[in-house]
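Subject: Structure handover

Hello,

The structure we discussed is below. My notes on what was found in it follow directly after.

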Amino acid sequence: MLIRTGRDGLTHPQSSEITPLGIYQQRRDLIRWMAGGAAGAGLASWASRQALAQAARPGKLAALSATKSAVPGAMTMEKLTDYKDASTYNNYYEFGTDKADPAQYAHTLKTQPWTVEVDGLVKKPAKYAIEDLVKLSAQEERVYRMRCVEGWSMVIPWVGYSMAKLIAMVEPLGNAKYVEFHTLADRKTMPGVGSSVLDWPYVEGLRMDEAMHPLTLLAFGMYGEVLPNQNGAPVRLVSPWKYGFKSAKSLVRIRFTEAPPRTAWNKAAANEYGFFSNVNPNVDHPRWSQATERRIGEDGLFAKKRKTLMFNGYEAQVGQLYAGMDLKKFY
Ligand code: MTE
């Protein structure tokens, strides 16, 4: 549906139980907030909706318990996107290019056994079974705004821990400047891998300081449960100040390199997808304005678009990483 042949002839996109503790704390914060005088019908309904969205084990998958993150900026109070939208309106090209394809076809993805290889310029390369990787650090709940370059956004309660925790385990060498993320490309179980829409496997990359930033999440779950296949099970990257395509799904390899990784989208159309891909309302994609966005779930006939925020609203936390850089040139 949303693949189009561009000017250059290339195809690219057009675009539980949440942890009882997590809920308990969130409710407690709300009650405190309400008791502080901010109570109102709107707030109360927001609160019950938040709690409902998370408490109902919406995907009926295995619960993944977590505690609320203390990382600055990690818990936006914005209304959560409905689980149904978050798990049926997806980009996962290995399963097709229509937004509905991943939910329909990703049941073929086999997430067990699963290993993630961590190698390249590190002192302690390792191959982690997914069961061990999950346990490497305490799971946190993080509620992130997610902005897709196609102009839509969602608010997702993720479960995972900072990528920095894994990076510390493998001890990068001094010349490791970038981190490359490889995702599964299995022709047998992923019908889209036979297509030429991208050069498989899907590869993404971050600069070392971006990968080390506490907001950069290695996610194993969402809405208090393990990830549904279509959202990148069993483990994915989540980088909330960058466009959604940086958040690579179903990771199988994390490699430390000296040179900037050649990412799948950059290879497909370098003029459209730069290495950084930071959310920036002032730099338009050649085919789409990035100034505003449509929040999924707010798309009634008269729904107003929202203004897109610099670094997707995470400027206070990440702006310093790009101090002095020309963000029009390094898009
Ligand atoms: N990861 C893989 N392996 N394959 C993909 O096609 N799509 C990306 C990103 N990660 C993609 C991927 C894009 S374009 C977006 S917008 C987000 O995943 C979508 O994540 P979501 O479906 O969980 O919202």
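K304 is found in the loop between β14 (292–295) and β15 (306–307); helices (H or I, at least four residues) and strands (E, at least two) are DSSP runs, numbered from the N terminus. At 76% relative accessibility, K304 counts as exposed (exposed is over 50% relative accessible area, with a 1.4 Å probe and protein chains only). The C-alpha atoms of K304 and T292 are separated by 9.7 Å, and the two residues are twelve apart along the chain.

On provenance: this is a predicted model, in which local features need pLDDT of at least 70 and side-chain atom pairs count only at pLDDT 80 or more, while totals for chains, interfaces and linings use all residues. Residues are numbered from 1 along each chain as its sequence is written, and side-chain values use heavy atoms, with hydrogens and water left out.

Ligand site

The ligand is surrounded by 15 residues (each with a heavy atom within 4 Å of it). The closest are N90, Y93, E94, R236 and K249. By class, this shell has six nonpolar, six polar and three charged residues; Ala, Val, Leu, Ile, Met, Phe, Trp, Tyr, Cys and Pro count as nonpolar, Asp, Glu, Lys and Arg as charged, and the others, Gly among them, as polar.

- a ligand nitrogen to a polar backbone atom of S247, 2.9 Å
- a ligand oxygen to an N or O atom in the side chain of N231, 3.2 Å
- a ligand nitrogen to a polar backbone atom of N91, 3.3 Å

Taken alone, the ligand exposes 530 Å², and the protein buries 95% of that (Shrake-Rupley method, 1.4 Å probe).

Pockets

A pocket here is an open set of points on a 1 Å grid over the protein atoms alone, where a 1.4 Å probe fits, with protein on both sides within 12 Å along at least five of seven lines; lining residues have an atom within 4 Å of a point. Grid points are joined across faces, edges and corners, and a volume is the space filled by probe spheres set on the points.

The largest pocket has a volume of about 260 Å³. Its lining has 13 residues, with Q112, I130, V134, V226 and P234 nearest the centre. Helix α5 (residues 130–135) contributes the most to this lining, with four residues. Eight of the lining residues are nonpolar, three polar and two charged.

The second largest pocket has a volume of about 210 Å³. It is lined by 20 residues, and Y243, S277, N278, V283 and Y331 lie nearest its centre. This lining divides into eleven nonpolar, seven polar and two charged residues.

Regards

Terms used:
A polar contact is a pair of N or O atoms within 3.5 Å; within protein, one must be able to donate a hydrogen and the other to accept it, and residues adjacent in sequence count only if both atoms are side-chain atoms. Buried means under 20% relative accessible area, exposed over 50%, partly exposed in between (1.4 Å probe, protein chains only).
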